[in-house]
Amino acid sequence: MAKPTPVASAEEAAALRRRLRRLVAAVAAGSADAEAFDEAAEALAKLRDAELGPRKDRAVAGCGGVNKGGTEAAAVPEQFLCPISSEIMRDPVVLASGQEKEKVCILSFSYNWTYDRRFIQEWLSAGNRTCPQTQQVLSNTILIPNHLVRSMILQWCTDNGITLPPVENQEEDLVTNNERKTFSKIFERIASSSNLSEQREAIKDLRLLTKCNSSLRAAIGEKPDSISQMISTVSNPELENNAEVLEDMVTTVLNLSIHESNKKIIGDDSMAIPFLIRALQSGTMEARSNAAAAIFSLSALNSNKAKIGELGAMRPLVDLLEHGSMIAKKDAASAIFNLCMLHENKSRATKSGVIDVTLKAIVDDSLVDESLAILALLSGDHETVEEIGETGGVASMLRVIKEDQCKRNKENAAAVLFAVCMYDRTKLREVAEDENLNGSLAWLAQNGTSRARRKAAGILDKMKRAVHHTHYSC
C-alpha cells in the first residue's frame, strides 16, 4: 500500500493534532459533553482529509451493526472504519509505531494508525511487522485502546439507532501459560532472592518485558497482590536509595498501568500511588517524568483521580511542571489536566500554585497549549478566576487571542477571559480598553471555533451592557 500524499501543510496538520489533545482527556475520563464529541469528530475528519485527502463516507452495510429502525443505513464517517476491513470498528486500537524513551505511547490520537483489534491482530499474527497504513517498520507490536475513537463510535451508533455486537474481552485472552510462567519466575527473583544484584537485574528485566509484552502486562491481574510485594521489596533500605532501581520500578508501574483492567488494580493497591508520589518528589528526572505519566494513566478512572488528589500528588506535579525537563513538564501537565476533571482536585491544583506556573509558562512561550488547557479547565472555579485576574492573567489571555495562531489556544484564552470578566468588572474595563485598540474579540466572535465565538460574543455583550448601564446611570 503506497503512503498517501498529504494535502495540507505540516503546520496545519500539527494544529489539528493539538486540537485533538485538548479533547482526549475529557473523552477518556468520561466527562466530555456533547460539544466535545462533536469537536473531536470534526477535528478527526479534518485531520484525515488534510493528510490523506477527502473520501466519500461509506454506508453501514457490512459493519456488523443493526439499524433498529429498519430504515436506510446511515453513512459511517470514514474515521470510524477499520483501514483493513473497511468495517466500523468495534474495538479500535492504536498501533504504536514508536516509543519515546522507555515509555509506551499512551496518547496517540491519529486515527491513521487506528484499527479494529481483531483485524490488526490477524495482520500481526501473519508475521507482518509493518504498519498497514504507512508501511513503516514497527519497533514493537503494542496495541493501545483508542478511547477517543471508541467513545465517538459509540455516540454515533446511539444517535443513529445502531447496535454493535459486544466486544469480547480480548485483552484477557492474550494471557498465555508462557507469560504466567515468565511473570512468576521474575516475581520470585524480585521478592524472594537474598542477592541484591539478582533483585536489581530482575527489576530491570520486568521493566523491559512489561514495555514490550502486552500479555505480561495482562498477567498482573491474576496476582494483584504482587504490586505491593514488589514495591515492598524496592523499599528495602539497600535498594531504596538506588536511583536506577527506583526508575526501573516506576517505569514498570507505568507500563502495567496501560492495560485497562490494571488501572483499578494499581489504584486499589495501598502502596502504589504513595510510591509514585514519592518518586515524583525525590526520583531522577526520568523517574519523576514516568511517575507523572503513570499518574496520568491511572487517572483515567474517577476513583483513582480522587485517591491521587487526596494522597497529595498535586503539589509535586505542579513543581515538576515548573522545574522539570520538557518531557517531564508535558507529563506533569497531562496528569494535572486529567486530575482536575474531578472538581475536588481543582482547588488542590490552585492551592499548589498551578496558576502562577501556567501563567509564567504562557509568558515564556513554553507549554502554551498545555497551560491554557489547564487554565480553561479551572476557570469555572471562583477562587481560581480571582487569582488569574490578580496575577496578570488578563494581559496574557489578550496576547494569546491577538498573536497565537492556534485556534484551540485562542478558544481556551477566550474561555478564561470570559470567566474573569464575569467575576470582576474592573477587569472588564481593562479588556474593553484593549478591544477599542485592537478589536481582537470582535474578530474572534466571527472567525473562532464555535466555543470561542460564544465566549468572545459573551464578553462583548457584557461590555455593551456595562457601557449602557454607565450611560443610563449618568
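**Notes on the predicted model**

1. Starting with the fold as a whole: among contacts in the protein between residues at least 6 apart in sequence, 72% join residues at least 24 apart. Keep in mind that this is a predicted model.

2. On the secondary structure, the count comes to 26 helices and seven strands. As for burial, 53% of the 474 residues count as buried. The protein exposes about 21,000 Å², and carbon and sulfur atoms supply 50% of that area.

3. How enclosed is H17? Of its 14 residues, 10 are buried, so the helix is largely enclosed by the rest of the structure. The buried set has Ala 328, Ala 332, Ala 333 and Ala 335, along with Ile 336, Phe 337 and Leu 339.

4. Next, a loop residue. Met 271 sits between helix H12 (260-268) and helix H13 (272-282). Its relative accessible area is 26%, which makes Met 271 partly exposed, because that class lies between the 20% and 50% cut-offs.

5. What does Met 271 touch, leaving out residues up to four places away in sequence? The partners are Ser 228, Ile 231 and Ser 232. Take Ser 228: this residue and Met 271 are 43 residues apart in sequence, yet their C-alpha atoms are 5.8 Å apart in space.

Note on methods
Residues are numbered from 1 along each chain as its sequence is written. This is a predicted model: local features need pLDDT of at least 70, side-chain atom pairs count only at pLDDT 80 or more; totals for chains, interfaces and linings use all residues. Side-chain values use heavy atoms; hydrogens and water are left out. Buried means under 20% relative accessible area, exposed over 50%, partly exposed in between (1.4 Å probe, protein chains only). Helices (H or I, at least four residues) and strands (E, at least two) are DSSP runs, numbered from the N terminus. Contact means heavy atoms within 4.5 Å. Accessible areas come from the Shrake-Rupley method with a 1.4 Å probe; for residues, only the protein chains shown count as cover.
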